[in-house]
Amino acid sequence: MTEAGSKALAISGLDCFYGEVQVLYGLDLVLNKGEVLCLFGRNGAGKTTTLKAIMGLVPAAAGSIRLDGTELTGLAAHDVPKAGVAYVPQGRRLFAEMTVTENIEIGLMTRGKGKAVRENVLDLFPLLRQRLRQRSGTLSGG
Ligand SMILES: Nc1ncnc2c1ncn2[C@@H]1O[C@H](COP(=O)(O)OP(=O)(O)O)[C@@H](O)[C@H]1O
Ligand SMILES: [Mg+2]
């Protein structure tokens with residue numbers, strides 16, 4: 001979240017459960033605009049659960065998650081990215097059988113964006129312009 005236009009994220013008193021099992025106990029975390037924050041912990045400590053809670057994929061039983069003051073805990077998972085939080089999970093998660101162009105089109109379609117955003121993306125990653133018709137599963141993983 002270091003890009004210009006990024007927002008402050010503030011989590012306070014977050015409790016999360018899987019069924020009856022409590023995993024997060026009153027988690028507090030502040031990430032200010034322009035900062036990079038690393039969340040460390042042993043396996044099972046609750047790192048992924050924290051990220052899922054931010055993205056609305058695990059409900060917050062208590063506490064709040066605010067992005068520049070906007071409460072995220074009440075939002076449906078598909079509305080959280082629209083509020084301005086992006087989750088880049090481990091792995092590439094491409095539609096391997098589809099081309100680079102088609103993968104980009106799906107992203108644009110879900111956000112109702114068009115040609116201008118597509119051009120921005122291709123300016124950020126210019127090599128993709130040469131590979132628009134390539135099946136994304138055949139791109140190097142490196
Ligand atoms: N879907 C789930 N159902 C039940 N328990 C889960 C689920 N996902 C994770 N857990 C449990 O929640 C705890 C935190 O897991 P997780 O957030 O994945 O930890 P981390 O990412 O830090 O390794 C662990 O005890 C894990 O077994
Ligand atoms: Mg994890």
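The model is a predicted one.

**Overall architecture**

- Read from the N terminus, the order of elements in the protein is β-β-α-β-β-α-α-α.
- Along the principal axes, the C-alpha atoms of the protein occupy a box of roughly 50 × 30 × 25 Å.

- The shell around ligand 1 includes Y18 and V23.
- The run R42, N43, G44, A45, G46, K47, T48 and T49 also belongs to the residues around ligand 1.
- Helix α1, which spans residues 47-54, is the element that gives the most to this shell, contributing three residues.

**Polar contacts of ligand 1**

- G46 takes part through its backbone, where a polar atom is 2.9 Å from an oxygen atom of ligand 1.
- K47 takes part through its side chain, with a polar atom 2.7 Å from an oxygen atom of ligand 1.
- T48 likewise has a side-chain N or O atom at 2.8 Å from an oxygen atom of ligand 1.

**Packing of helices α3 and α4**

- Two packed helices are described by the angle between their axes and by the distance between those axes.
- Helix α3 covers residues 100-111 and helix α4 covers residues 115-124.
- The two helices pack at an angle of about 130°, and their axes are 10 Å apart.
- An angle over 145 degrees would count as roughly antiparallel and one of 65 to 115 degrees as roughly perpendicular; α3 and α4 are therefore oblique to each other.
- The crossing that α3 and α4 form is right-handed.

- D68 is situated in the loop that links β3 (62-67) to β4 (70-71).
- The phi angle of D68 is near 50°, which is a positive value in a residue other than glycine.

Notes
Residues numbered from 1 in each chain as written. Chains lettered and ligands numbered in written order. Predicted model: local features only at pLDDT ≥ 70, side-chain atom pairs only at ≥ 80, totals over all residues. Heavy atoms only, no water. Near = heavy atom within 4 Å. Polar contact = N/O pair within 3.5 Å; in protein donor to acceptor, adjacent residues only side chain to side chain. Helix = DSSP H or I, 4+ residues; strand = E, 2+ residues; numbered from the N terminus. Axes fitted to C-alpha atoms, helices over the stretch in contact; angles between N-to-C directions. Parallel < 35°, antiparallel > 145°, perpendicular 65-115°, else oblique. Left-handed = near helix turned anticlockwise from the far one by under 90°.
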